[in-house]
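Thank you for sending this entry for comment. The points below take one chain after the other and close with the place where the two meet.

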Amino acid sequence: MLTKIYDWVDERLDITPLWRDIADHEVPEHVNPAHHFSAFVYCFGGLTFFITVIQILSGMFLTMYYVPDIKNAWESVYYLQNEVAFGQIVRGMHHWGASLVIVMMFLHTLRVFFQGAYKKPRELNWIVGVLIFFIMLALGLTGYLLPWDMKALFATKVTLTIVDSVPLIGPAMKTLIAGDATIVGAQTLTRFFAIHVFFLPAALFALLAAHFLMIRKQGISGPL
Amino acid sequence: MSKRNVSRRQFLNYTLTGVGGFMAAGMLMPMVRFAVDPVLAGGSESDFVATKQKIKDLSTEPTRVDFSFTQVDGWYESEVTNTAWVYKTKDGKIVALSPICKHLGCTVDWGGDKEHPEQFFCPCHYGRYTKDGMNVKGTPPISPLDVFTTKEKDGILYLGQRKPHGEA
């Protein structure tokens, strides 16, 4: 049945080359842990992506209950965690995944660094990777405020003070991020929510696409 | 006419780029202006707020003065309580210092450090300030505590805007 549907579509649109192009490539022996166990270090990039996918999915589901409003944000998080079935699990995935994605990304960076895999011709991919690192840190930072508890509020106040201390453009940048020159409040929460849920993920997708296209084009760096 | 003729291809390139640029700008301009509005809105001059502190009760020792006012945060209005450390100088001038540490924004306390009872102390990173709000060299803060503008009316202390030290 499925085969027939596939053949029907393929006959008209010739979709086979599209996915074959992505799926058909050999994993070199030196990155296959089945051949050399030490090759597990090559898994960290893929694990980072895997956890990123979990973050995206669990985040999408969290927004079914969460509201970015200072009167209701904390209540909605409390509700989804304690009243909704599997709420603790879904929020837990997003909470712990946020830390884990940083750990995996860091290990991936260390592997690339110590193997010298960033060297010519892969310099551009290193740069894009560093940008992805910054986006991830920004996602962690903006997501931290959303539960709107004391820890979130004061951590964000500290962050905004750091931004404020940047010479010349600091105060303007702080107001742009916080939505108000002095208050960390209603407008800060909606801004952080919009940045966390729309702007940063959009930037992340673009950079991830570039990261993966480049590694497919250039291939994994050779054995040491 | 100049001798440099514009080819049909060049003409179309220029006009299409120009029209495309205008369309992109027309789309993006409202959105960017929308996003940066808080930066350009400018702070509203807040009025003086009455405290419960009587001027005659102030001494040369900094006193903690809590004061409440209605804060407007976009569409949300709420009653907010802030704090100031207030004292009289020897020549009778009233000084009201903000308790927000200039290092990373924690709250400083008068005499919070037993080894320096005559100083403001921030417990987060051991920042210290002298009584007049000047940051002690060698501790994390890099600037003095902010100062509130003050006013006396009917024997009651009024506090105004928070300003960087030396501007109030």
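How far apart do the end C-alpha atoms of residues 39–67 of chain A lie, and how much of the span is helix and how much strand? The end C-alpha atoms of residues 39–67 of chain A lie 44 Å apart, and the span is 69% helix and 0% strand. Please bear in mind throughout that this is a predicted model.

1. For residues 126–146 of chain A, the model gives 95% helix and 0% strand, with 31 Å between the end C-alpha atoms.

2. Overall build of chain A. The C-alpha trace of chain A spans about 55 × 50 × 35 Å along its principal axes. Of the 224 residues in chain A, 23% are buried. Among the contacts in chain A with a separation of 6 or more, 65% join residues 24 or more positions apart.

3. Helix 6 of chain A. This helix covers residues 123–145 of chain A. Its 23 residues should span 33 Å at 1.5 Å a residue, and the end C-alpha atoms are 34 Å apart, which agrees. The buried residues of helix 6 of chain A are Asn125(A), Gly129(A), Ile132(A), Ile135(A), Leu139(A), Thr142(A), Gly143(A) and Leu145(A). These buried residues pack against helix 5, helix 7 (150–164) and helix 9 (186–218) of chain A.

4. Helices 4 and 5 of chain A. The axes of helix 4 (residues 73–82) and helix 5 (residues 87–114) of chain A cross at roughly 115 degrees and come within 6 Å. On the side of helix 4 of chain A, Leu80(A), Gln81(A) and Asn82(A) take part; they meet Gly87(A), Gln88(A) and Arg91(A) in helix 5 of chain A. The residues of this contact divide into one nonpolar, four polar and one charged.

5. The sheet of chain B. Strands of a sheet pair through backbone hydrogen bonds, either parallel or antiparallel. In chain B, six strands form an open sheet in the order 1-9-8-4-3-2, and the pairing is antiparallel. Strand 1 (49–54) and strand 2 of chain B are the edge strands, each pairing on one side only. On average, neighbouring strands of this sheet are turned by 40 degrees against each other, direction ignored. Strand 1 of chain B pairs with strand 9 (residues 156–163) of chain B over three bridges, in the antiparallel sense. Within strand 9 of chain B, Leu159(B) stands opposite Val49(B).

6. According to an unreviewed UniProt entry, the annotation "domain: Rieske" covers residues 86–159 of chain B. In the model, the end C-alpha atoms of residues 86–159 of chain B lie 10 Å apart, and the span is 0% helix and 35% strand.

7. Where the chains meet. How many residues of chain B are in contact with chain A? There are 11 residues of chain B in contact with 14 residues of chain A. Helix 1 (8–41) and strand 2 (63–73) of chain B each supply at least two residues of the side of chain B that touches chain A. Helix 1 of chain B gives the most to this side, with three residues. The residues of the side of chain B that touches chain A divide into six nonpolar, four polar and one charged.

Definitions and conventions
Residues numbered from 1 in each chain as written. Chains lettered and ligands numbered in written order. Predicted model: local features only at pLDDT ≥ 70, side-chain atom pairs only at ≥ 80, totals over all residues. Contact = placed C-beta atoms within 7 Å. Helix = DSSP H or I, 4+ residues; strand = E, 2+ residues; numbered from the N terminus. Nonpolar A, V, L, I, M, F, W, Y, C, P; charged D, E, K, R; others polar. Pairing = 2+ DSSP bridges. Axes fitted to C-alpha atoms, helices over the stretch in contact; angles between N-to-C directions. UniProt positions renumbered as here; feature names shortened; annotations may be inferred. Expected span 1.5 Å × (residues − 1). Buried ≥ 20, exposed ≤ 12 C-beta atoms within 10 Å, placed from the backbone.
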